[in-house]
Amino acid sequence: MIRLHHVPQARSFRTLWLMHEMGLEFEIRRHSFFDKSMRSSDFLALSPAGRVPALEIDERVLFESGAITEYLVETRAEAGLGRLPGHPERPDWLEWLHFAETIGQHLASLTQQHIVLREDWMRSPTVMRLEAKRLEKVLEVVERVVARRDWLLPSGFSAVDTNVGYGVMIARRFVPADLLPAVAAYHDRLAARPAFRRALAEDGPAELYTRAFYEAPDD
Ligand SMILES: N[C@@H](CCC(=O)N[C@@H](CS)C(=O)NCC(=O)O)C(=O)O
């Protein structure tokens with residue numbers, strides 16, 4: 001039995017989507033950021049930093065979405081979504097897998113600024129603008145690649161498209177989609193995949209991002 005610990009719209013969406021791409025059977029245990037349950041001793045026993053995703057699989061628990069991605073594609077290699085050691089695209093695959101968290105750090109900062117910090121006096125418009133610009137710069141790396149081909153790797157869709165693709169999906173709430181047309185088209189290709197649609201249908205009610213776009217206020 002595989003059990004995914006998930007919060008709607010969080011990085012655990014990567015794992016939810018990837019497992020559908022791989023055709024795996026699993027169950028979902030949904031959590032909330034706002035009811036303190038992720039600080040309970042039961043949850044911390046699964047995910048010591050109190051974060052999602054955490055995945056119960058093969059008689060153990062794994063946390064860190066990138067590690068989970070790597071574990072899934074290595075232990076279930078028949079799905080063909082990894083690029084395992086020896087594969088000529090292995091270095092590129094690893095680069096994209098970890099680059100997903102370079103995107104993720106700006107998303108986390110913007111989410112904290114716009115959503116988690118609820119009072120205006122807690123927020124910094126300077127940080128909001130800076131982080132949105134830095135996110136745009138990071139996405140330009142993706143833009144240059146997906147302007148030339150459908151997926152991140154020349155050989156076709158792989159698990160790194162789910163890890164980076166989650167970042168692309170959330171980034172649209174902070175960086176106008178028309179600034180990065182190839183990324184917008186890449187997003188549309190990702191969103192048309194049946195596994196993405198199944199994951200979205202199972203994601204659960206949004207409690208983080210309730211607006212389509214979060215604009216940095218003027219000072
Ligand atoms: N690098 C980790 C980051 C995990 C993470 O920070 N997840 C967020 C949701 S996107 C979380 O659970 N935050 C709860 C908290 O910070 O208390 C990963 O990719 O799994």
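**Close-up 1. H20, a buried residue of helix α1.** At 10% relative accessibility, H20 counts as buried (buried means under 20% relative accessible area, exposed over 50% and partly exposed in between, with a 1.4 Å probe and protein chains only). Helix α1 is where H20 sits; helices (H or I, at least four residues) and strands (E, at least two) are DSSP runs, numbered from the N terminus. Leaving aside residues up to four places away in sequence, H20 touches F26, A195, R198, A199 and E202, where contact means heavy atoms within 4.5 Å.

**About the model.** This is a predicted model, in which local features need pLDDT of at least 70 and side-chain atom pairs count only at pLDDT 80 or more, while totals for chains, interfaces and linings use all residues. Residues are numbered from 1 along each chain as its sequence is written, and side-chain values use heavy atoms, with hydrogens and water left out.

**Close-up 2. The buried residues of helix α3.** Helix α3 spans residues 65-75, and S65, G66, I68, T69, L72 and V73 are buried there. Why do they lie on the same side of α3? They cover an arc of only 160° around the axis, which puts them on that same side; the arc is that of the directions from the helix axis to the C-beta atoms. Among the elements that cover these buried residues are α1 (12-21), β3 (54-57), β4 (60-63), α4 (90-116) and α6 (159-171).

**Close-up 3. Helices α4 and α6 packed together.** The two helices pack at an angle of about 20°, with their axes 8 Å apart. That makes α4 roughly parallel to α6 (angles under 35 degrees count as roughly parallel, over 145 as roughly antiparallel, 65 to 115 as roughly perpendicular and the rest as oblique). Axes here are lines fitted to C-alpha atoms, for helices over the stretch in contact, and angles run from 0 to 180 degrees between N-to-C directions. From α4, W93, W96, L97, A100, I103 and L107 meet A159, V160, N163, V164, G167, I170 and A171 of α6. The residues of this contact divide into eleven nonpolar, two polar and no charged.

Close-up 4. V52 and P53 are joined by a cis peptide bond, with omega about 5°, and P53 belongs to the loop between α2 (41-46) and β3. In the loop between β2 (27-30) and α2 you will find K36, which has a positive phi of about 70° although it is not a glycine. K36 is exposed, with a relative accessible area of 68%. D58, in the loop between β3 and β4, has a positive phi of about 50° and is not a glycine either.

Definitions and conventions. Nonpolar A, V, L, I, M, F, W, Y, C, P; charged D, E, K, R; others polar.
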